[in-house]
Amino acid sequence: MSILEVEHIKKSFGKTEVLKDISFNLEQGEVLSIIGSSGSGKTTLLRCLNFLEMPNKGVIRVNNEILLDTENPETLKESEVRKKRLHFGLVFQSFNLFPQYTALQNVMLARELLAKERPDFKANRKEILDEIRVNAEELLRQMGLEDRMNNYPHQLSGGQCQRVAIARALALQPDILCFDEPTSALDPELTGEVLRVLRNLADKKTTMIIVTHEMAFAKDVASQVIFMDDGHILEQGTPEQVFDNPKMERTKQFLSSYS
Amino acid sequence: MDLFIEQLPVVLEALNIGFIQTLKLFFVTLLGAFPLGLIIAFGSMSNFKPLSYLTKFIVWIVRGTPLMIQLLIIYYFPGLVFHNPIWGGGEGGRFAAAAVSFIINYACYFSEIYRGGIQGIPVGQEEAGLVLGLTKTQIFFKVKLLQMIKKIVPAMSNEIITLVKDTSLARIIALQEIIWAGQAFMKGSQGISGAIWPLFFCAIYYLIWNGVLTVLLGKLEKKLDFFR
């Protein structure tokens with residue numbers, strides 16, 4: 001059984017069709033890389049999965065639970081969307097850390113707010129908050145930021161910010177962690193440290209979807225690659241299939257621009 | 001000189017009483033206009049078009065006409081047109097009318113400052129909050145509010161200092177604030193008449209109070225310097 005099943009997703013902005021019938025599956029522990037030129041719909045696809053955009057058509061299932069079915073209005077309710085988002089995590093190109101919170105506070109905030117909704121929060125306040133803090137500290141340690149926990153985002157480098165953002169997304173233990181060009185805002189020297197973190201997560205069998213322009217990285221880390229062009233999935237397969245033996249002329253043309 | 005020393009305590013006592021009324025109007029206005037301004041700001045940013053147009057229309061009227069006219073109309077209109085002087089008589093009624101006028105007027109100015117502050121926050125902040133499962137309310141209070149406050153402190157400081165001086169407009173409905181108290185000694189009060197110097201003292205009260213506020217607001221701005 002696939003952890004994620006996406007069926008016939010369509011999305012338009014006004015008259016522009018950005019996603020034209022996207023379907024794919026993702027297995028637990030797999031890393032899916034989505035590649036393609038700018039404007040091919042990669043980012044919109046990730047935003048649809050995280051319900052930042054509502055698809056006009058299609059079905060999204062996680063662990064066999066229907067999160068979204070455009071035929072079923074019950075699944076489109078705003079009040080339901082919030083819970084569904086928690087199946088996914090999203091790391092942005094521009095980090096989007098909260099500037100008024102330290103690295104540690106950024107990682108803890110969402111879990112603290114969720115914990116306050118628990119019926120037993122008042123009774124076990126201290127234990128719950130301690131657990132959240134210990135967990136956040138552990139995540140930041142894994143990101144190599146043990147001595148940066150109490151720094152504010154403006155005191156951190158871009159690579160450090162992005163690693164805090166990854167820890168923040170991991171804190172909620174999403175089923176699937178999405179990355180929207182996580183290294184595109186970083187200079188080459190800082191790209192490496194973020195890619196190493198992604199590599200580690202992949203080794204730990206974190207289910208991930210990575211939109212990226214880092215072809216060597218995608219080839220190396222991904223278990224599955226999707227090449228998108230003009231709102232379609234043009235080619236899909238293992239990295240070897242897509243990178244070494246692309247079937248479509250358009251894929252060859254796109255890949256050649258990187259070599 | 002002897003006369004001045006004799007009159008000074010009398011004048012200062014009257015000015016102190018007036019200044020307390022000035023301060024009361026100042027603080028009540030801020031207390032009312034801070035939250036009301038936020039509500040108006042949300043109204044004008046609403047996706048529900050009729051509400052957004054209506055609030056923008058009201059803000060246009062209030063910002064487009066003199067506060068002094070608003071004071072006069074709000075104070076006299078109910079009594080003169082409906083024969084129903086809702087403000088009652090006396091200083092309490094005048095104060096209530098002045099407070100309502102000032103709160104509405106300043107809330108409209110504040111709403112535009114808030115709007116600029118909120119719209120200046122990158123969309124990514126809201127989106128990051130959403131994907132972390134925060135509600136819109138949590139995003140506003142836990143993520144955006146402090147960033148907005150930081151952005152608007154300089155513009156707000158300006159408005160607040162203007163408000164200190166604008167309170168004197170309430171003199172037009174005979175609210176017994178500090179200018180009213182100082183002016184009384186020109187016309188004649190407590191055996192003192194034709195004295196212009198109490199008005200200079202009024203000016204000094206305003207200067208000192210605005211000095212205190214400038215320092216406090218500067219401290220707030222510094223305090224918010226811990227993030228960018």
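Mentor: Chain B has eight helices and zero strands. Helices (H or I, at least four residues) and strands (E, at least two) are DSSP runs, numbered from the N terminus. The order of elements in chain B, from the N terminus on, is α-α-α-α-α-α-α-α.

A word on conventions. This is a predicted model, in which local features need pLDDT of at least 70 and side-chain atom pairs count only at pLDDT 80 or more, while totals for chains, interfaces and linings use all residues. Residues are numbered from 1 along each chain as its sequence is written, and chains are lettered from A and ligands numbered from 1 in the order in which they are written.

Back to chain B. Its C-alpha trace spans about 75 × 50 × 25 Å along the principal axes. Of its 228 residues, 30% count as buried. Buried means that 20 or more other C-beta atoms lie within 10 Å of the residue's own; exposed means 12 or fewer, partly exposed lies in between, and C-beta atoms are placed from the backbone. Now take the contacts in chain B with a separation of 6 or more: residues 24 or more positions apart account for 74% of them. A contact needs two C-beta atoms, placed from the backbone, within 7 Å.

Next, the contact between the chains. Chain B puts in 18 residues and chain A 20 residues. On the side of chain B that touches chain A, helix 5 (123-131) and helix 6 (136-166) of chain B each supply at least two residues. Helix 5 of chain B gives the most, with six residues. By class, this side of chain B has nine nonpolar, six polar and three charged residues. Here Ala, Val, Leu, Ile, Met, Phe, Trp, Tyr, Cys and Pro count as nonpolar, Asp, Glu, Lys and Arg as charged, and the others, Gly among them, as polar.

Cross over to chain A. One open sheet there has four strands in the order 2-1-4-5, with antiparallel pairing. Its edge strands are strand 2 (16-26) and strand 5 (65-69) of chain A, each pairing on one side only. Two strands pair if DSSP finds at least two bridges between them. Strand 1 (residues 4-13) and strand 4 (residues 57-62) of chain A share five bridges in the antiparallel sense. Glu5(A) has Arg61(A), in strand 4 of chain A, as its bridge partner. Helix 1 (residues 42-49) of chain A lies across strand 1, strand 2 and strand 4 of chain A, at about 65° to strand 2 of chain A. Axes are lines fitted to C-alpha atoms, for helices over the stretch in contact, and angles run from 0 to 180 degrees between N-to-C directions.

Another open sheet of chain A has six strands in the order 6-7-8-3-9-10, with mixed pairing. Strand 6 and strand 10 (232-237) of chain A are its edges. Strand 3 (residues 31-35) and strand 9 (residues 224-229) of chain A run parallel, joined by four bridges. Leu32(A) stands opposite Gln224(A) in strand 9 of chain A.

Last, helix 5 (residues 158-170) of chain A. Twelve of its 13 residues are buried, among them Cys161(A), Val164(A) and Leu170(A). The buried residues pack against elements including strand 6 (88-91), helix 4 (125-142) and strand 7 (176-180) of chain A.
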